[in-house]
Amino acid sequence: MRRIAITPRGDWRAQAAECGFDFHTIDGAPYWDESAYYAFTLRQIEDDLEDTSAELHAMALDLVEDIVRDAQLLERLAIPQFAWSWIAESWQQRQPHLYGRLDLAYDGRGPAKLYELNYDTPTSLFEAAFFQWQWLEDQRAAQRLPAQADQFNSLHEALVARFGQIAPALPGPLRFAAVRDSTEDRGTVAYLRDCAAQAGLQSEFVAIEDIGLSEDGRFTDLDDGVIGTLFKLYPLEDLLAEEFGRALPASGVQLLEPAWKAVLSNKGLLPLLWQRHRGHPNLLEAHFDDGAPLRAGWVRKPLHSREGANIALHLADGGWQESDGPYAGPCIVQAAHPLTAFDGRYPLIGSWVIGDSACGIGIREDDTRITRDSARFVPHAIIDKAPGVFYA
């Protein structure tokens with residue numbers, strides 16, 4: 001694994017505008033960065049990332065049955081009691097799931113380590129599935145990458161196929177929702193709607209703020225049409241905490257991601273994975289936080305924190321770093337495994353699972369060891385050449 005400088009495409013901004021990638025720059029700061037790429041060998045991709053992601057995904061799914069049947073575990077995960085039966089029923093019915101992202105620490109030299117699972121509202125999908133593949137093709141054509149350069153990326157094809165597989169189990173009408181003023185979230189939802197359309201599904205967009213509740217307890221769109229299936233790029237734990245949250249279990253709406261994903265998108269899953277698979281080479285020791293002062297060599301994370309917010313990192317050498325943010329409540333502690341620096345940047349591997357298959361990666365890098373919402377997306381390529389010989 002190497003970070004290699006490369007000449008950016010001269011027209012990449014025009015290409016971004018043409019395909020609707022409007023969030024390549026956020027608040028004046030670059031989000032998409034193609035001044036470099038990460039080069040992997042095929043062995044690193046297949047053995048260390050693809051196989052590992054498939055195994056970790058299977059291990060996580062194996063826990064769902066036990067969690068949804070255990071009131072103590074559901075309470076430990078801070079899931080409100082009124083939603084327990086609804087979540088359990090969604091699992092018992094095996095309501096279909098679409099995708100998820102595993103965040104992995106990996107530097108090409110040791111086993112990948114699971115930081116957390118983003119299995120409810122993962123973002124950075126469009127840039128991973130589409131725009132970085134376009135970058136690869138263009139750089140090969142420009143001979144800045146060898147003709148045989150490849151990418152761990154079958155995401156687009158897998159998404160279209162998955163929508164086709166689950167379509168019969170999705171009651172209509174289908175609506176896709178995101179926060180109205182979030183350019184990134186709306187861009188992600190627009191891409192997913194396009195994938196669904198390619199699979200033959202008809203849908204409409206509705207801002208999450210415009211979803212209503214009918215007198216008989218059904219969720220409706222702006223035309224007062226009852227929503228059968230709702231893809232919502234909005235955290236389920238936030239929905240459950242809001243005014244309409246208590247109406248979800250009896251509303252008849254089917255969520256995508258399904259309600260049972262609530263137990264997998266929760267960082268409390270990390271200590272449960274450790275309890276069942278103690279010592280697994282791809283897991284970090286993790287426990288529910290008892291409130292004691294954080295000793296060196298550990299990280300504290302709220303159960304529902306996102307985008308690197310409210311993380312306390314205390315390194316074994318006495319160094320520490322903390323991030324602010326809006327999240328509070330119960331936490332877990334996880335053994336510190338700091339990201340490795342490449343040219344002063346710290347890359348985090350986002351490994352995508354579509355359905356139950358590991359299908360690709362996206363890399364976000366930050367200037368610190370905590371990957372925040374300001375982290376940049378950097379493309380990758382698979383290049384098997386003599387050690388130390390790379391194209392730029």
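Reply: Happy to! V263 is in contact (heavy atoms within 4.5 Å) with V64, I67, V68, L74, L77, I79, I87 and L269, leaving aside its neighbours within four places in sequence. This is a predicted model, where local features need pLDDT of at least 70, side-chain atom pairs count only at pLDDT 80 or more, and totals for chains, interfaces and linings use all residues. Residues are numbered from 1 along each chain as its sequence is written, and side-chain values use heavy atoms, with hydrogens and water left out.

Me: Which residues touch the most other members of the largest nonpolar core?

Reply: F40, I87 and V263, out of 68 residues in that core. A nonpolar core is a set of buried (under 20% relative accessible area, 1.4 Å probe, protein chains only) Ala, Val, Leu, Ile, Met, Phe, Trp, Tyr and Cys residues joined through side-chain atoms within 4.5 Å.

Me: Switching topic: what does UniProt list for residues 12-382?

Reply: An unreviewed entry there gives "domain: Glutathionylspermidine synthase pre-ATP-grasp-like"; such annotations may be inferred rather than shown by experiment.

Me: How far apart are the end C-alpha atoms over residues 12-382?

Reply: They are 21 Å apart, and the chain over residues 12-382 is 30% helix and 23% strand (E runs of at least two residues).

Methods:
Helices (H or I, at least four residues) and strands (E, at least two) are DSSP runs, numbered from the N terminus. Buried means under 20% relative accessible area, exposed over 50%, partly exposed in between (1.4 Å probe, protein chains only).
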